[in-house]
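The following exercises concern a single protein model. Please study the sequence and the structure before reading each solution.

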Amino acid sequence: PGLAEKKEPIKIGAFFALSGPAAFIGTPTKLVAQMAVDQINKEGGINGQPIQLVFGDTEGDPTKAVAIAKKFIYVDKVVAIIGPTRTGTGMAVKRLVEQAHVPTIMTVGGDPVIMGGKFGSYHYVFKTPQRSSIAVKRIYMYLQKKGIKKVAILTSSDGFGRDGRRWLEKLAPQYGLEIIAEESFNPRDTDMTTQLSNIRTKGPQTIICWTIGPAGSIVAKNVKQLGIKVPLIQCHGLPDPKYVELAGDAANGNIMPSTKLMAWQQLPEKDPQKPVIAHFVHLYNDVYHYNKDFPINTHSGYAWDALMILSRALKKAGPDREKLRDAIEETKGYVGISGVYNITPQ
């Protein structure tokens, strides 16, 4: 008894936007990360060794994210990293963790964090949220079913918005869709009526918006103020009670792709995710009472899934970074909060 406490802890860096515009996602993500580690340690940790999280606040700032990642790697000597929150901060650190050979599981929505670039391919970076490309396909499948052909897109000018725009443009022809209007905005903007007025003149059958944070609800309000009657579709980053709270009546009729977490009670009993999500929701709401300050949203499960995938790989490979990386990549059939995960080198 008590052996787990006596063994050296396995240190894992965990950095999120705990302040700044994405704090409403980053802060509960940190709480969930701690909740996941508590569960792992309660069950004996990693072969008797406890996990210890070393936290950092990126403030949603790429420069700060790089400074924290360096501290994790060279000062704290972490075995692996989870986070950050935003596509921009993820992009800022991916080359650094790759060069240092530190397995990193990002909780970032955008695809560029796991894609190759001018520096070649990235072997140490993984992510738990659905890819933007998958979310775009879901939206386009829905539009195809509805017989919609003409689409307008309104995207934020940050890394996440640009990623969404790229996939929206690239995949439209496959679904018989024509993008007849394209506008963008700064994620900190407080009014998008100019862009929406331009879109309205083109007569689209639907408007697709790609952003996270309060900007999404501003777009919804502006659509309502302008009396635009076509459906507004939001991206996979917005299913959140906060969205409904900020958009008010303007949220009525808005459509968005989401993790099963947001409608888990409606899942059939045979769905393998249902008991896993039920346990997570029970811990989050009834044991830790996080829902008082942060009602569950589509982002809530990402850090849990990252840590569970990581702990499975650690049990298999131990804290050696190279072996750990290989074990993460061999993840098959992990039933998580945000999906069933099968990881490949791609």
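**Exercise 1.** State in which helix Ser 133 is found, and decide whether Ser 133 is buried or exposed.

*Solution.* The model is a predicted one. Step 1: Ser 133 belongs to helix α5. Step 2: the relative accessible area of Ser 133 is 7%. Step 3: a residue counts as buried under 20%. Ser 133 is therefore buried, because its relative accessible area is 7%. Step 4: when neighbours within four places in sequence are left aside, Ser 133 is in contact with Asp 111, Trp 167 and Leu 171.

**Exercise 2.** Determine the order of the strands in the open sheet, and identify its edge strands.

*Solution.* Step 1: the open sheet is formed by 5 strands, and their order is β2-β1-β3-β4-β5. Step 2: the pairing is parallel. Strands of a sheet pair through backbone hydrogen bonds, either parallel or antiparallel. Step 3: β2 (51-57) and β5 each pair on one side only, and these are the edge strands. Step 4: from one strand to the next, the twist averages 25°. Step 5: β1 (residues 10-16) pairs with β2 over 7 bridges in the parallel sense. Within β2, Leu 53 is the bridge partner of Ile 12.

**Exercise 3.** Describe how helices α2 and α4 are placed against the strands.

*Solution.* Step 1: helix α2 (residues 23-42) packs on the sheet and touches β1, β2 and β3 (80-82). The direction of α2 makes about 170° with that of β2. Step 2: α4 lies across β1, β3, β4 (104-106) and β5. The angle at which α4 runs to β4 is about 165°.

**Exercise 4.** Characterise the largest pocket by its volume and its lining.

*Solution.* Step 1: the space in the largest pocket is about 960 Å³. Step 2: its lining has 36 residues, and Lys 127, Pro 129, Gln 130, Arg 131 and Ile 134 lie nearest the centre. Step 3: at least two lining residues come from each of β5 (125-127), α5 (132-145), α12 (321-329) and β11 (340-341). Step 4: sorted by class, the lining has 15 nonpolar, 15 polar and 6 charged residues.

**Exercise 5.** Carry out the corresponding description for the second largest pocket.

*Solution.* Step 1: the volume of the second largest pocket is about 380 Å³. Step 2: 23 residues line this pocket, and Pro 21, Arg 86, Asp 158, Pro 187 and Arg 188 are the closest to its centre. Step 3: α4 (87-100), α6 (159-171) and α8 (214-225) each give two or more residues to the lining. Step 4: the classes are 10 nonpolar, 8 polar and 5 charged residues.

Conventions:
Residues are numbered from 1 along each chain as its sequence is written. This is a predicted model: local features need pLDDT of at least 70, side-chain atom pairs count only at pLDDT 80 or more; totals for chains, interfaces and linings use all residues. Side-chain values use heavy atoms; hydrogens and water are left out. On a 1 Å grid over the protein atoms alone, a cavity is a set of points where a 1.4 Å probe fits but cannot get out, and a pocket is an open set with protein on both sides within 12 Å along at least five of seven lines; lining residues have an atom within 4 Å of a point. Grid points are joined across faces, edges and corners, and a volume is the space filled by probe spheres set on the points. Helices (H or I, at least four residues) and strands (E, at least two) are DSSP runs, numbered from the N terminus. Ala, Val, Leu, Ile, Met, Phe, Trp, Tyr, Cys and Pro count as nonpolar, Asp, Glu, Lys and Arg as charged, and the others, Gly among them, as polar. Two strands pair if DSSP finds at least two bridges between them. Axes are lines fitted to C-alpha atoms, for helices over the stretch in contact, and angles run from 0 to 180 degrees between N-to-C directions. Contact means heavy atoms within 4.5 Å. Buried means under 20% relative accessible area, exposed over 50%, partly exposed in between (1.4 Å probe, protein chains only).
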